[in-house]
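Reader: I would like a close look at one part of this model, with the packing of its side chains described step by step.

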Amino acid sequence: MTTAYNPSVICPILIGRTAELAAFHLLIDQVKSGRGQVALLCGEAGVGKSRLVVETKTYAASQGFLLLQGNCFQADRAFPYAPFLDLLRSCFSSSSPLTRHNDLTSFAQEFSRFLPDVAPLLPEHTPLVVPSSLDPEQEQRRLFALLLHFFTRAATHQPLLFIVEDLHWSDESSLELLLFLARGCRHLPILFVLTYRSDEVSPELRHSLAEFDREHLAQDFSLQRLARADVDAMLQAIFAMHQAVHTGLLESIYQLTEGNPFFIEEVLKSLIATGEITSREGVWERTLLFGTHKRHSSIPRSVQDAVYQRTKQLSARARQVLTLAAVAGRRFDFTILQQVMHADASHMLALMKELVEAQFVVEEAADQFAFRHALTRQAVYSELLAGERRAWHRTIAETIEQSSSLSSVLDDQLVDLAYHFYEAGVWSKAAEYGQRAGERALILYAPRAAIEHLTRALGALSHLDGTPPATVLRARGQAYETIGEFEQARADYEHALSIAQQTQDSIMEWQSLLDMGFLWAGRDYAQAGQWFRRSLDLAQALADPKLHARSLNRVGNWLVNTGRAADSLHAHQEALALFELLHDTQGMAETFDLLGMANGIYGDRVNAV
Ligand SMILES: Nc1ncnc2c1ncn2[C@@H]1O[C@H](COP(=O)(O)OP(=O)(O)O)[C@@H](O)[C@H]1O
Ligand SMILES: [Mg+2]
């Protein structure tokens with residue numbers, strides 16, 4: 001292990017940002033007096049958003065604020081509520097002051113109903129609750145209301161600084177939830193600080209930002225790169241020098257990094273490590289020219305190069321761990337890596353320590369590490385050949401799979417498994433986990449995440465022989481329907497229908513006919529009626545009384561809405577009789593509802609009541 005990284009290349013003081021910091025202090029003071037605020041902080045990767053957040057946290061803490069933080073990571077785009085899980089984790093950790101308030105701990109149980117991943121965080125390790133069968137939209141509304149209530153209560157004890165970092169990687173449900181909370185907290189002592197990369201705004205984030213704008217909910221802050229004088233100040237602070245840095249050095253660092261603080265630190269680390277800059281009589285200067293390495297990537301060559309040079313300083317084993325970690329993700333699990341490396345815990349810890357000391361990674365929790373910066377991960381990842389990446393993705397996926405086979409697979413593991421098996425080209429597994437992750441996202445009312453998973457699942461299936469299962473297409477059709485993508489939903493439902501017919505899966509065929517009916521109901525009611533009738537014909541041909549009754553109810557409801565109340569009553573009564581024979585109380589209840597509606601419209605008040 002080398003110790004050539006000294007001096008520490010993290011800038012010890014905050015450079016510039018005086019105006020932004022003053023603005024944040026003002027916001028904190030306003031929030032303290034009960035006026036909720038939202039600050040949206042944007043800028044390119046590495047420009048210093050998180051650093052400013054850290055400074056803001058320090059001031060807020062000195063003003064008696066409780067700090068809550070959730071971070072988004074790249075893999076989270078398709079993981080419903082990821083930053084909130086992150087945030088709730090800190091709320092329910094034993095050191096959190098929130099756990100001292102009895103009125104708040106009772107919420108924990110409720111959360112676990114909606115977010116099963118929260119359950120293991122609870123003090124008593126309550127067993128997982130099966131997700132309820134309520135309509136997902138209702139579930140979502142309840143969850144939102146519950147969280148608003150929770151934070152409202154928390155804010156009665158202490159003002160809150162509520163941070164969510166890197167929203168460009170957020171899933172859509174979290175964005176909606178943030179918007180909802182921001183609306184509901186205007187008169188509470190809560191300051192939301194939300195950061196994102198201005199050059200990586202996803203369509204979902206763009207939509208949320210427009211909403212914040214439209215409702216005048218937030219103040220925008222945009223961080224720019226440091227000016228030449230600031231870069232000078234930064235170099236001086238890093239080298240703890242009193243005289244100015246040699247102009248040639250300042251100039252070349254400034255040119256290479258264009259004032260992006262992360263690039264500055266990375267390039268400096270590399271230059272010191274390779275001896276390309278040295279201290280001569282107390283003045284640091286550049287002695288050699290940069291070496292160049294040809295590599296494809298969207299990251300600046302300077303950073304790619306800087307990271308590459310630094311990895312060369314690591315021990316071989318530590319470099320291997322770093323590479324593996326880059327394949328595993330921005331945030332990675334110690335135990336999984338340890339298993340893949342076949343290393344014992346103490347050896348592995350020593351290797352992680354080497355990586356932490358070399359400032360590649362940070363420790364996030366007992367078993368969790370993360371790259372200090374996404375750019376570093378990207379740089380390491382792009383050093384790998386395609387074949388190497390595939391092989392490592394496969395090893396990681398199989399290791400996660402083995403480690404989770406004992407207990408049930410958690411949501412975030414599903415997402416990881418789908419991702420790694422896909423990148424590994426193990427199509428059957430990628431399809432299986434992609435489908436499960438997609439279905440889970442549907443339950444959590446995250447249709448865009450669901451579409452992403454299911455599309456990848458279908459992509460994986462297309463590499464395999466045979467027709468894709470109709471269930472996957474149906475699920476994606478539902479997700480498209482939820483976000484109002486009529487044509488896409490129709491294409492999926494029709495595809496599901498034709499597969500069901502091909503494979504003689506009559507139940508799925510019947511289900512697809514109903515799906516088409518419901519889909520058309522929002523566009524062309526006459527078409528909807530035809531699909532419902534087709535489902536009725538099929539149910540009759542199958543002589544299945546339950547399907548028959550359900551189709552009768554659909555047709556009945558269609559009839560009442562098209563002004564044929566008498567025919568409608570007839571259909572519902574026939575359905576009721578079938579459900580009664582089956583002792584199907586849920587079916588009966590539904591039919592009574594529909595009958596009530598039909599009777600009401602028919603003018604038969606007595607029957608309706
Ligand atoms: N104004 C600043 N003064 C000193 N160091 C900074 C400043 N801004 C950023 N840095 C350093 O640059 C690196 C990248 O900054 P970071 O806040 O992580 O960027 P971002 O969150 O915008 O991607 C960090 O190591 C940080 O400490
Ligand atoms: Mg950041």
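Which residues does Met352 touch, not counting residues up to four places away in sequence?

Author: In this predicted model, Met352 touches Val321, Phe332, Phe334, Val361 and Phe369, once residues up to four places away in sequence are set aside. Met352 belongs to the largest nonpolar core, which has 106 residues, and is listed with Phe332, Met348, Leu355 and Val361 as having the most contacts inside that core. Helix 12, which covers residues 316–328, supplies the largest share of this core, namely eight residues. Apart from this core lies another one, of 49 residues, with Phe92, Phe162, Ile190 and Leu444 among them.

Within the whole structure, a search finds 15 aromatic pairs, and one of them joins Phe150 and Phe151 in an edge-to-face arrangement, with 5.2 Å centre to centre and 65° between the planes. Phe150 counts as buried because its relative accessibility is 1%, and Phe151 is likewise buried, with a relative accessible area of 1%.

Phe518 and Phe532 also form a pair, and because their ring centres are 5.4 Å apart and their planes stand at 75°, this pair is edge-to-face. Phe518 lies in helix 22 (residues 506–521) and Phe532 in helix 23 (residues 525–542), so the pair ties together parts that are 14 residues apart in sequence. Phe518 is partly exposed, at a relative accessible area of 41%, whereas Phe532, at 4% relative accessibility, counts as buried.

Methods:
Residues are numbered from 1 along each chain as its sequence is written. Chains are lettered from A and ligands numbered from 1 in the order in which they are written. This is a predicted model: local features need pLDDT of at least 70, side-chain atom pairs count only at pLDDT 80 or more; totals for chains, interfaces and linings use all residues. Side-chain values use heavy atoms; hydrogens and water are left out. A nonpolar core is a set of buried Ala, Val, Leu, Ile, Met, Phe, Trp, Tyr and Cys residues joined through side-chain atoms within 4.5 Å. Buried means under 20% relative accessible area, exposed over 50%, partly exposed in between (1.4 Å probe, protein chains only). Helices (H or I, at least four residues) and strands (E, at least two) are DSSP runs, numbered from the N terminus. Contact means heavy atoms within 4.5 Å. Rings of Phe, Tyr and Trp (its six-membered ring) pair if their centres lie within 6.5 Å; planes under 30 degrees apart count as stacked, over 60 as edge-to-face and the rest as tilted.
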